[in-house]
Amino acid sequence: MNRTLLKHYLQWCCIITYSTILGIYAFAKATQFENRLKIATPVNELSPFRLMWAFYGYSTTYPIIIGIFQLLSIILIIPRKTRLYGCILGTVIISNIILQDIIYAVPKGALFNAIFLQLLIVIIIYFNKKEYFQKMKSLLSIESSPNFKHIKVKQKIKNLVISIL
């Protein structure tokens, strides 16, 4: 098996693993924080983990919104053209989870799962680094002229939206 084919298979293993694990978490958001109103302990006596759980359990709307963004990350990470955007969105989501897991003393298994998901994103980015660096350079470059009205920011934004769609 040649090196290019091996990288291709490894990348798809990472994509499928990431999508499967995050998809399970996303679909569980509707029921993950059930029994939220059964906390009879005063807030100042709750452990950090229980406090976070009570916060997320206050309304099902917020966890469902998080689940929708997780699903969007999966949808974007699968096609090659939008994979970078899926990686960026996934990094934002997973970084937030990692920080909350650390700050609110969530059981270590959840933290390790979040770190594993972020590692999969880093590997996916690594396999596409040349393409991604060029794409990021293109997206972030602003061609300006002495006349400020000629900055082509609108065109860059339009191209970004079109490439996502």
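Q: How are helices and strands defined here?
A: Both are DSSP runs, numbered from the N terminus: helices are H or I with at least four residues, strands are E with at least two. This is a predicted model, where local features need pLDDT of at least 70, side-chain atom pairs count only at pLDDT 80 or more, and totals for chains, interfaces and linings use all residues. Residues are numbered from 1 along each chain as its sequence is written, and side-chain values use heavy atoms, leaving out hydrogens and water.

Q: OK, how many helices and strands in the protein?
A: Seven helices and zero strands.

Q: Which residues of H3 are buried?
A: Pro63, Ile66, Gly67, Gln70, Ser73, Ile74, Leu76 and Ile77. Buried means under 20% relative accessible area, with a 1.4 Å probe and protein chains only.

Q: New topic. How many residues are in the largest nonpolar core?
A: It has 21 residues. Such a core is a set of buried Ala, Val, Leu, Ile, Met, Phe, Trp, Tyr and Cys residues joined through side-chain atoms within 4.5 Å.

Q: Which helix gives the largest share?
A: H4, with seven residues of this core.

Q: And what does Ile124 touch?
A: Not counting residues up to four places away in sequence, Ile124 touches Gln11, Cys14, Ile15, Ile77, Arg83, Cys87 and Tyr132. Contact means heavy atoms within 4.5 Å.

Conventions: Buried < 20%, exposed > 50% of the residue type's maximum accessible area, 1.4 Å probe, protein only.
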